[in-house]
Amino acid sequence: MFDDLRDLYQEVILDHGRKPRNFRRLEEADREGRGDNPMCGDRMQLWVKLAPDGRLDDVAFQGKGCAISMASASLMTETVRGKTQEEARELSDRFRALATTGTCPDCGAALADEMERLQVLGGVSEFPSRVKCATLAWHTLNAALDNTGKEASSE
Amino acid sequence: MDGGTPVFDVARIRQDFPILSQKVRGKDLVFLDSGASAQKPRQVIGAMTRMMETAYANVHRGAYHLSEAATEAYEAARRAVAGFLNAATEREVVFTNSSTAAINLVAHSYGRSVLRPGQAVLVSEMEHHANFVPWLMLRDSHGIELRVCRVTDDGELDLADLEAKLADGKVGLAAITHMSNVLGTVTPAERIARIVHAHSAKLLLDGSQAAVHRRVDVQALDCDFYVFTGHKLYGPTGIGVLWARLDLLERMPPFLGGGDMIEEVTLDSYRPAPVPAKFEAGTPPIIEAVGLHAAIDYVQNIGMAAIEAHERRLVDHAMRKLSAVEGLRLLGNAQDRGGVFAVSLPNAHSHDLATLLDRVGIAVRSGRHCAEPLHTRFEIESTCRASFGLYTTEGEIDYLAEALDKAREFFG
C-alpha cells in the first residue's frame, strides 16, 4: 500500500528515527541551540562542544518529533562532527537546498561524501509540508553556532 | 422509510460536493478532515456566485436597489441563523468572522465590563485554543482568575469537578465546548447549564463542532452564549456567529469600533447602534453570510436528524473498525460522541502517519489540533485525527482502518 513511500522513509531514516545517534545532553557544551517547529510541535535542543582549534568536537541533541526530524538530527550530528564551523555552515546551506529541491548543489565539490550521506533525506522535497521537519536540526545548529540564545524555527 | 426516519442517500449527497470526485496522487480522495474545515456543496458555491453576479453591494448604506437587495440578503441570513439555533429573535444573532472572533468578542466586551477582577472564568481541559487563549489573555489583562475543569480518562467533562470549581461563587462565566474537536465528546450541555446557573454564572458554549452534527436549540439548551462558524458547516470561511441572550448583548459594550456600529458620531463622542449592529463594525462578510444561509438551507433540507442518524452509524462503525486495528490508541471513549477520532500508533509519529495516509488519498489532520492542553492531559505528544462530515461513507472508514493497519506494519 505504501511501497512508493520507501523513497522518503528509507531504512536508514526509519533506523535513525527509531534510534537516534548522539541523543544525549552534552554537559559543558560551548554552544547550545533550541529549535521549535510550532506547526508540528517538534522541539529539539542541541549542544556543541568545540575543540581548541574551533572544530566541532562533539555534537548531541535531545528532542521530540517525527521520524524525519529525528533522523535528520541524528544524521546531522554524525556528519558535522570533526568539521570546522565554516564547513558545518556550508553543509547546513547545502542540506537546506537539498531538502527543498531534491538535488545536491555542488556535490562534486568539497564535502561531497558528507552530502552523499545526507542524500537519503532528499526525498522530503516532494512533501512540501514535511521539508521543515528535515531542516529543523540544521536551523538549530546554525542558531547554536551563532550562539544568539534565540530559538530557531523552521517556519 | 421507517418510523419517520428520513432517507439519507450519501451517494447522492456526495454528488453535491464537486471536490469529492477529485483524485489525489491517483487515488480517490478520502476527505477525513471536515472537523478542521468542511467541503462545500454546489448550493453554497452557487448562492455566493449568484450574489456576486446579481445582487452585490455594501449593506445598510445605499438608498439604491442593489444595496437594498444585498441588505435584504444579509438580514435574511441572520433570520436563517436565528431559525437554525431557535433563537428568540434574530437580534440575538451577531455575525463575526469566525468562532474565534465570536469568543474574543465575548472575552473583550462581556469579560471587561460585566466580569470584575477577582471573579473567575471556568473552561475545561478539552477546549480548543480559541476557547482557551482569549481567557488567558483576559486573565493577564483584567485580573480574572482562570479555572480549568478536568476531563475524565474516558474523555467526559468531569461534572463533579465542574461543581467543585463553581462552589465558591466566584465564577462569573463558564466557557465550555459543546463537542470536543479531538475526543468527539458531546458534552451534556443542558446539565452543564443547570449546574452553572445554579451557581449564578453564565454559560458560553463553543458549538464549532457540535452545530455541524446535532440540532442546536439555544432555548432548550438554556445557555447564555453560543458560537459556531460557517466553514465547518459546509459554508464559506470568514463568517462566524455569536448568539447571546438579548439582555446580555444590550448590557455589553461594543468590541470593535467603526462604521455601521454607531448611531451618531460627533468630534468627541459616539453613540453605539442597537444590537446586533453594535457588534458589527465595518463592512461585514456579506457574501459569506449568503453562503452560510445557503449552507443552513442545505443541511436543513437534508434534516439535522437525518444527518445525526447517519453520523451515529458512522461513529459505531468507526469504533468497531478502529478498535480492531492492532496497537491503535484512540483518545476518548465518551458515551455520547460525534464523528471525531484522534488516534496514534506506537512507533509512528502523527506527521509520518499523515504522510502515509496522504499517499493513499486519505486526508487527516496531524498534530495537536489546537488543543495542546488536552494532549498534555492525555500525556500524548500528538495524534492523527479523522473527522467525518455528512458525506463520509462507511467504505471510507474501512479504507482508513486498512491503511492504519498497513501503516503499523510499515513503521514496525
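Let's start with helix 7 of chain B, residues 189–198: its buried residues are Ala189(B), Ile192(B), Ala193(B) and Val196(B). Buried means 20 or more other C-beta atoms within 10 Å of the residue's own; exposed means 12 or fewer, partly exposed is in between, and C-beta atoms are placed from the backbone. An α-helix has 3.6 residues a turn, so residues three or four places apart point the same way.

A word on the source. This is a predicted model, where local features need pLDDT of at least 70, side-chain atom pairs count only at pLDDT 80 or more, and totals for chains, interfaces and linings use all residues. Residues are numbered from 1 along each chain as its sequence is written, and chains are lettered from A, ligands numbered from 1, in the order in which they are written.

Back to helix 7 of chain B. What covers its buried residues? The cover includes helix 6 (159–166), strand 7 (171–177), strand 8 (202–206) and helix 9 (218–221) of chain B. Helices (H or I, at least four residues) and strands (E, at least two) are DSSP runs, numbered from the N terminus. On the face turned away from the buried side, helix 7 of chain B carries exposed Arg191(B), Arg194(B) and Ala198(B). After helix 7 of chain B comes Ser200(B), with a positive phi near 60°.

Next, a helix pair. Helix 11 (residues 286–302) and helix 12 (residues 304–323) of chain B have axes that come within 5 Å and cross at roughly 70°. Axes are lines fitted to C-alpha atoms, for helices over the stretch in contact, with angles from 0 to 180 degrees between N-to-C directions. The two helices of chain B are therefore roughly perpendicular; that term covers 65 to 115 degrees, with under 35 roughly parallel, over 145 roughly antiparallel and the rest oblique.

Val299(B), Gln300(B) and Ile302(B) of helix 11 meet Met304(B), Ala306(B) and Ile307(B) of helix 12. Contact means C-beta atoms, placed from the backbone, within 7 Å.

Now chain B as a whole. It has 15 helices and 17 strands. Of its 412 residues, 51% are buried. Its C-alpha atoms fill a box of roughly 70 × 55 × 45 Å along the principal axes.

Finally, the partner: 15 residues of chain A contact 15 residues of chain B.

How values were computed. Contact = placed C-beta atoms within 7 Å.
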